[in-house]
Amino acid sequence: MTNGPDTKTKMQMPQNIYDNETFFEGYMALRAAELNANDIMIRPHMRELIGEASGLQVLDIGCGAGEMCRWLVDSGAASVTGIDLSERMLAAADEQPRERIRYIHTAAEDAQFGPNSFDLVASVLMLHYIKDIGPLLRNIHTWLRPGGRFVFSMEHPQMTAGQGILEPGWVLNDDGERIAWAVTSYSDESERVSTWFVDGVVRYHRTMATLINSLVDAGFRIERMLEPHAPEEFEKRHPRLLQERMRPAFLFVSAEVVK
Ligand SMILES: C[S@@+](CC[C@H](N)C(=O)[O-])C[C@H]1O[C@@H](n2cnc3c(N)ncnc32)[C@H](O)[C@@H]1O
């Protein structure tokens with residue numbers, strides 16, 4: 001094996017794990033399962049932060065199978081552009097076509113749009129896959145119109161700090177009950193490689209301070225942040241969800257562009 005230019009280029013490309021067949025099938029089965037995190041927490045809180053979508057021109061970064069894109073146009077968005085690195089995810093999105101949605105196969109890091117192209121940029125559980133968020137945040141700031149908003153969810157930094165959600169960090173008592181979540185290596189901002197359906201899944205850990213400062217440095221004003229646990233109606237029906245109160249698994253941020 002040589003270390004020629006092709007090898008170098010490949011090593012710098014973002015990982016496209018959602019196109020791995022085993023990973024893709026595992027992930028889609030998880031999304032279809034009862035009590036999945038998307039249904040309980042992600043979708044309701046994203047919709048809460050986005051609010052009124054009517055008439056908006058929207059970009060969804062890491063749109064996956066297009067669930068958010070479909071909700072946006074069904075809620076009256078003028079147009080939605082969904083971008084994703086994974087051909088398998090985009091093929092799943094294409095199975096439920098809608099007028100006013102276009103999908104583009106690209107890495108977020110390589111995406112190109114004109115200045116002031118969108119009113120809203122949304123992103124669901126994608127940002128922890130980005131190695132260097134500074135350039136992407138600056139691009140999103142450019143792509144948004146004055147007064148536009150970037151609304152996103154991601155794995156909470158305390159989940160990516162140690163082994164994270166992919167290799168659970170629960171601390172058990174002598175009876176095997178979950179009593180705490182171990183946060184380790186929080187200050188070590190770097191790649192995390194874990195096993196989730198397959199070995200070698202790459203995510204990037206950064207502290208809450210780095211995330212917020214990166215948004216501010218890119219020209220955003222933080223409007224609202226959420227660190228939710230499961231809704232009480234679900235906790236009553238499924239008491240094991242009460243353990244989600246021990247640590248937030250997800251972080252939601254709504255940020256307004258300052259221009
Ligand atoms: C957890 S899934 C979420 C999908 C979708 N946002 C949803 O909530 O249903 C993460 C998505 O981000 C995409 N992704 C990961 N890294 C990416 C990158 N560098 N550029 C664009 N998309 C990426 C994956 O292919 C995958 O579809």
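## Glutamate 21

Glutamate 21 counts as exposed, because it has 9 C-beta neighbours inside 10 Å (20 or more other C-beta atoms within 10 Å make a residue buried, 12 or fewer exposed, anything in between partly exposed, with C-beta atoms placed from the backbone). This is a predicted model: local features need pLDDT of at least 70 and side-chain atom pairs count only at pLDDT 80 or more, while totals for chains, interfaces and linings use all residues. Numbering starts from 1 along each chain as its sequence is written.

Glutamate 21 sits in helix H2, residues 21-32 (helices are DSSP runs of H or I with at least four residues, strands are E runs with at least two, numbered from the N terminus). Arginine 88 is 67 residues away along the chain, yet the two C-alpha atoms are separated by 8.6 Å.

## Overall build

The protein has 9 helices and 11 strands. Its radius of gyration is 18 Å, which agrees with the value near 18 Å for a compact globule of 259 residues (taken over C-alpha atoms; the rule is 2.2 Å times the number of residues to the power 0.38). Buried residues come to 34% of the 259.

## The core

What does leucine 120 touch, leaving out residues up to four places away in sequence? The list is Ile50, Leu56, Val58, Gly148, Arg149 and Val151, where contact puts C-beta atoms, placed from the backbone, within 7 Å.

The largest nonpolar core holds 60 residues, and Leu120 is one of those touching the most other members, along with Met46 and Phe150, among others (a core joins buried Ala, Val, Leu, Ile, Met, Phe, Trp, Tyr and Cys through C-beta atoms within 7 Å).

How values were computed: Contact = placed C-beta atoms within 7 Å.
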